[in-house]
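Work through the exercises below with the model open. Try each task before you read its solution.

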Amino acid sequence: MPDARGLFLTFEGGDGSGKSTQSALLTEWLASLGRQVVHSREPGGTELGLELREIILHRRGYMAPRAEALLYAADRAHNIATVVRPALARGDIVIQDRYLDSSVAYQGAGRVLDPAEVRDVSLWATEGLLPDLTILLDLDVATGRDRLDDSRTRYDRLEAEAAEFHHRVRDAYLALAAAEPQRFLVLDATLPIDELSTRIRERVSDLLA
Ligand code: TYD
């Protein structure tokens, strides 16, 4: 990652874990400190990504797991090359909802592909970019499902998967965090919103110091 001078912070977690709430709060806080912050997400952080997102999440019919993994990787490759790396090169802080750990957890463990191969595909796609910090909002699967908005008329292809799929995803996230404790901050997503944001700020402050 030779051109990166900024900070790359990612949020991970299952459905309903509160990633978007916490990443928005962190973005606001850092901006209030006068930092240049770019808030991004995968899939769909770019125009191309929005088209890919529609295909990945809402296309009807069977999609081969490797095709799904490559579509996420394509979205990621474009987002990193056109949004994230330029921002990091400017010295900005990039806060992103989901990154390669999502692929390892959902496609690697959820779809039962080889997690190491899925990670390698993402590392190829991004020329080896890893986050400086990954905040994992850990939540038990049933609670996450309950938190999804009941009024939703359509669930995406991943949300519609059975509970066992989401249990594999959660276990994979926890294993990833255990394997790289210096990169991950694991938080209990059932904590109150302001307590979570305080803990996240403390950890990010250490990185800024
Ligand atoms: P997202 O829009 O972040 O949904 P949510 O609000 O539930 O977090 O992500 C859409 C779905 O895509 C989500 O179910 C997780 C899945 N996903 C993968 O399976 N692999 C990936 O690499 C990424 C980035 C997301």
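**Exercise 1.** Which backbone oxygen does the side chain of Ser23 reach?

*Solution.* Start with the ground rules. The model is predicted: local features need pLDDT of at least 70, side-chain atom pairs count only at pLDDT 80 or more, and totals for chains, interfaces and linings use all residues. Residues are numbered from 1 along each chain as its sequence is written, and side-chain values use heavy atoms, with hydrogens and water left out.

Step 1. Find Ser23 in helix α1, residues 19-32. Helices (H or I, at least four residues) and strands (E, at least two) are DSSP runs, numbered from the N terminus.

Step 2. Follow the side chain of Ser23 to the backbone oxygen of Ser20, at 3.3 Å.

Step 3. Look for a second partner. The side chain of Ser23 also makes a polar contact with the side chain of Asp97, at 2.6 Å. A polar contact is a pair of N or O atoms within 3.5 Å; within protein, one must be able to donate a hydrogen and the other to accept it, and residues adjacent in sequence count only if both atoms are side-chain atoms.

Step 4. Check accessibility. Ser23 counts as buried because its relative accessibility is 0%. Buried means under 20% relative accessible area, exposed over 50%, partly exposed in between (1.4 Å probe, protein chains only).

**Exercise 2.** Sort the residues of strand β2 by face, then find the strand that pairs with β2.

*Solution.* Step 1. Recall the rule: in a regular strand the side chains alternate between the two faces of the sheet.

Step 1. Apply it to β2, residues 37-41. Val38 and Ser40 form the covered face, while Val37, His39 and Arg41 form the uncovered one.

Step 2. Pair the strand. Five bridges join β2 to β3 (residues 93-97), and the two run parallel. Strands pair if DSSP finds at least two bridges between them.

**Exercise 3.** Where do Arg98 and Glu127 lie, and is each buried or exposed?

*Solution.* Step 1. Recall the background: most residues other than glycine have a negative phi, and most peptide bonds are trans.

Step 1. Read phi. Arg98 has a positive value near 75 degrees. Glu127 has a positive value near 50 degrees.

Step 2. Arg98 lies in the loop between β3 and α4. Glu127 lies in the loop between α5 (115-125) and β4 (133-138).

Step 3. Compare cover. Arg98 counts as buried because its relative accessibility is 15%. Glu127 is exposed, because its relative accessible area is 67%.

**Exercise 4.** Which two residues does a cis peptide bond join?

*Solution.* Step 1. Go to Glu42 and Pro43. The cis bond joins them, with omega about -5 degrees.

Step 1. Pro43 is in the loop between β2 and α2.
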